[in-house]
Amino acid sequence: MQEILETLKKLIMAAGPSGFEQQVREVFVKEIMNHVDQVQVDALGNVIAVKNGRKNGPRIMVAAHLDEVGLIVKYVDEAGWVYFEPLGFIDERSLAGQLVTIHTHRGTVSGVAGIKGKLSAKPEELAKSIPASEMWIDAGVASQKEAGEIGISIGDPITFQKRFETFGGGSVICAPSLDNRVGCSVLIEAVRNLKNKPHDATVYAVGTVQEEVGCRGAKTAASAVNPDVAFVVDTTIGEDPATPRKVVTTKIGAGPAIRLMDQSLMLGHITPPRMKQFLISTAEAEGIPYQLEVLPRVATDAATLHLSGRGIPTGSILIPRRYFHTPVELAMVSDIQNATRLLTAGVMSYHA
Ligand code: ZN
């Protein structure tokens, strides 16, 4: 397997629900540390890896969020059923019957998201999807006491059980947390690519925390770095047979998306025209396929990052994937490669 896919697999197999990014942060640091001059971790848990460039060259921040959507233990009842709240905008419909992992202070505990069975559900219940509030986690224990004995306690984070599958003759990857472990792997590979190439810029390669709960880590990381310009690497939504073009215009396999506008509640970003032009001309000069995208109802770290300090011109390079925030996110290897090429070329050719 190519190095970038090996890195991606390691990132996916490490847990990192929002606010609990320790494991994935360790992998990120290990994979990037030999290719940079310095690695710091800030108080929130963001990793800031610095690769020095020419003195007085531009200061470029490239950011990918480390965290993934998950759940958090709310309480355990007398009979040992574990109830939870979502951590991030998880697709609740995809939870039913899924294997999950509870991350306790004593280690990991497996469980399954249980639902009311077909025999006990009323016809109207069978016709609708099941909200998370009507599910529980069955961790194979018979009481609250037994749950406590194996380490389960209130506030423990929960992830989908980890897996990494490739199919489509090796062209496709299917796994939970492709959002945003693909972005992390692209960022790490782009930094590796800089190794033997002359570049003016000092590059701040940042793995951010808590993006899925409101782009929180990017805010402190951007104010610490205070770059001249930033590129965010994340995932976007790829079309499927049930999603009309009116909603989603990007396809998997057609190259990275350059997002021009998004807006989710109070969080959003509009790409400056100069940045749009820079990314398009970089892609065209390198012969890299790309897609332009306008996608309301979502946001990335660009939303908080660009508002830092006196304002930071920010561009987004996004890898399309299907089935977002479910355990079976699906993306194409070619898009991961092309996003890496675009980010590498962008960093190398940017001049203030
Ligand atoms: Zn994301």
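Grid points are joined across faces, edges and corners, and a volume is the space filled by probe spheres set on the points. The structure is a predicted model, in which local features need pLDDT of at least 70 and side-chain atom pairs count only at pLDDT 80 or more, while totals for chains, interfaces and linings use all residues. Residues are numbered from 1 along each chain as its sequence is written, and side-chain values use heavy atoms, with hydrogens and water left out.

Thirteen residues line the second largest pocket, and Lys116, Ala121, Glu125, Ile130 and Glu134 lie nearest its centre; lining residues have an atom within 4 Å of a point. By class, this lining has six nonpolar, two polar and five charged residues, where Ala, Val, Leu, Ile, Met, Phe, Trp, Tyr, Cys and Pro count as nonpolar, Asp, Glu, Lys and Arg as charged, and the others, Gly among them, as polar.

The chain is assigned domain 1 (2–68 + 176–349) and domain 2 (71–160), with bounds that come from an automatic or database domain assignment. Their centres, taken over C-alpha atoms, are separated by 31 Å. Domain 1 gives 12 residues to the contact and domain 2 gives 14, contact meaning heavy atoms within 4.5 Å.

The largest pocket has a volume of about 880 Å³. Of its 37 lining residues, Phe89, Ile237, Arg297, Val298 and Phe324 are the closest to its centre. Strands β13, β14, β16 and β17 are the elements that each give two or more residues to this lining, and β13 gives the most, with four. Helices (H or I, at least four residues) and strands (E, at least two) are DSSP runs, numbered from the N terminus. At least three lining residues come from each of domain 1 and domain 2.

Arg297, one of the residues closest to the centre of the largest pocket, is found in the loop between β16 and α8 (302–305). Its phi is positive, near 75°. Arg297 counts as exposed because its relative accessible area is 71%, the cut-offs being under 20% for buried, over 50% for exposed and in between for partly exposed (1.4 Å probe, protein chains only). Asn226, in the loop between α6 (216–225) and β13, also has a positive phi, of about 50°. Most residues other than glycine have a negative phi, and most peptide bonds are trans.

Asn180 lies in helix α5 (residues 178–194). Asp179 also lines the largest cavity, together with residues including Glu68, Phe160, Glu212 and His325. That cavity, a set of points where a 1.4 Å probe fits but cannot get out, holds about 50 Å³ of space.

Helix α7 (residues 273–286) has 14 residues and should span 20 Å at 1.5 Å a residue, which agrees with the 20 Å between its end C-alpha atoms; the expected span is 1.5 Å times one less than the number of residues. Met275, Phe278, Leu279, Ile280, Thr282 and Ala283 are buried in α7. The buried residues of α7 pack against β13 (229–237), β14 (257–264), β16 (291–296), β17 (314–322) and α9 (333–349). Just after α7, Gly287 takes a positive phi of about 65°.

Terms used: On a 1 Å grid over the protein atoms alone, a cavity is a set of points where a 1.4 Å probe fits but cannot get out, and a pocket is an open set with protein on both sides within 12 Å along at least five of seven lines; lining residues have an atom within 4 Å of a point.
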